[in-house]
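Me: I would like a close look at a single part of this protein. Please take the helix packing, and then move to the residues around it.

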Amino acid sequence: ENDFLKKNLAVLVKNYVTVLLNGGKKMTSEQLSKLTGLSKDKLEDFLDQLIDKGEIDLKEDLYSLKKK
């Protein structure tokens, strides 16, 4: 059950970050942290995973969706 909740929370956060960065928007981890309610450190760990998967970019402390 715990793994199920973690997986679904990750999907939920990914979707929320995608919506926040949609349309070419760029945000810092602080901005995203305030909007998602997640701690900056935990969110940055999660964002690093999305960078590794090629789903978002980080340039000059600003996160954005990766152009497909």
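Reply: Start with confidence. This is a predicted model. The mean pLDDT of the protein is 95, and 99% of its residues reach 70 or more. Confidence is lowest in H1, with a mean of 94. It is highest in strand E2, residues 62–65, at 98. Where pLDDT is low, predicted coordinates should not be read in detail.

Now the packing. Two packed helices are described by the angle between their axes and the distance between those axes.

Take H1 and H3. Helix H1 spans residues 2–21 and helix H3 spans residues 40–52. They pack at an angle of about 80°. Their axes are 11 Å apart. Angles of 65 to 115 degrees count as roughly perpendicular, so H1 is roughly perpendicular to H3. On the H1 side, the contact is made by Ala10, Val13, Lys14 and Val17. H3 contributes Leu43, Phe46, Leu47 and Leu50. By class, this contact of H1 with H3 has seven nonpolar residues, one charged residue and no polar ones.

Next, H2 and H3. Helix H2 covers residues 29–36. The axes of H2 and H3 come within 9 Å, and they cross at roughly 110°. H2 and H3 are therefore roughly perpendicular to each other as well. H2 supplies Ser29, Glu30, Leu32, Ser33 and Thr36. From H3 come Lys40, Leu43, Glu44 and Leu47. The residues of this contact divide into three nonpolar, three polar and three charged.

Threonine 18 and serine 64 are 46 residues apart in sequence. In space, they are 8.8 Å apart, C-alpha to C-alpha.

Aspartate 57 is found in strand E1, residues 56–59. Leaving aside neighbours within four places in sequence, aspartate 57 is in contact with Leu62, Tyr63, Ser64 and Lys66. With lysine 66 there is also a polar contact, side chain to side chain, at 3.4 Å.

Methods
Residues numbered from 1 in each chain as written. Heavy atoms only, no water. Axes fitted to C-alpha atoms, helices over the stretch in contact; angles between N-to-C directions. Helix = DSSP H or I, 4+ residues; strand = E, 2+ residues; numbered from the N terminus. Parallel < 35°, antiparallel > 145°, perpendicular 65-115°, else oblique. Contact = heavy atoms within 4.5 Å. Nonpolar A, V, L, I, M, F, W, Y, C, P; charged D, E, K, R; others polar. Polar contact = N/O pair within 3.5 Å; in protein donor to acceptor, adjacent residues only side chain to side chain. pLDDT = per-residue confidence, 0-100.
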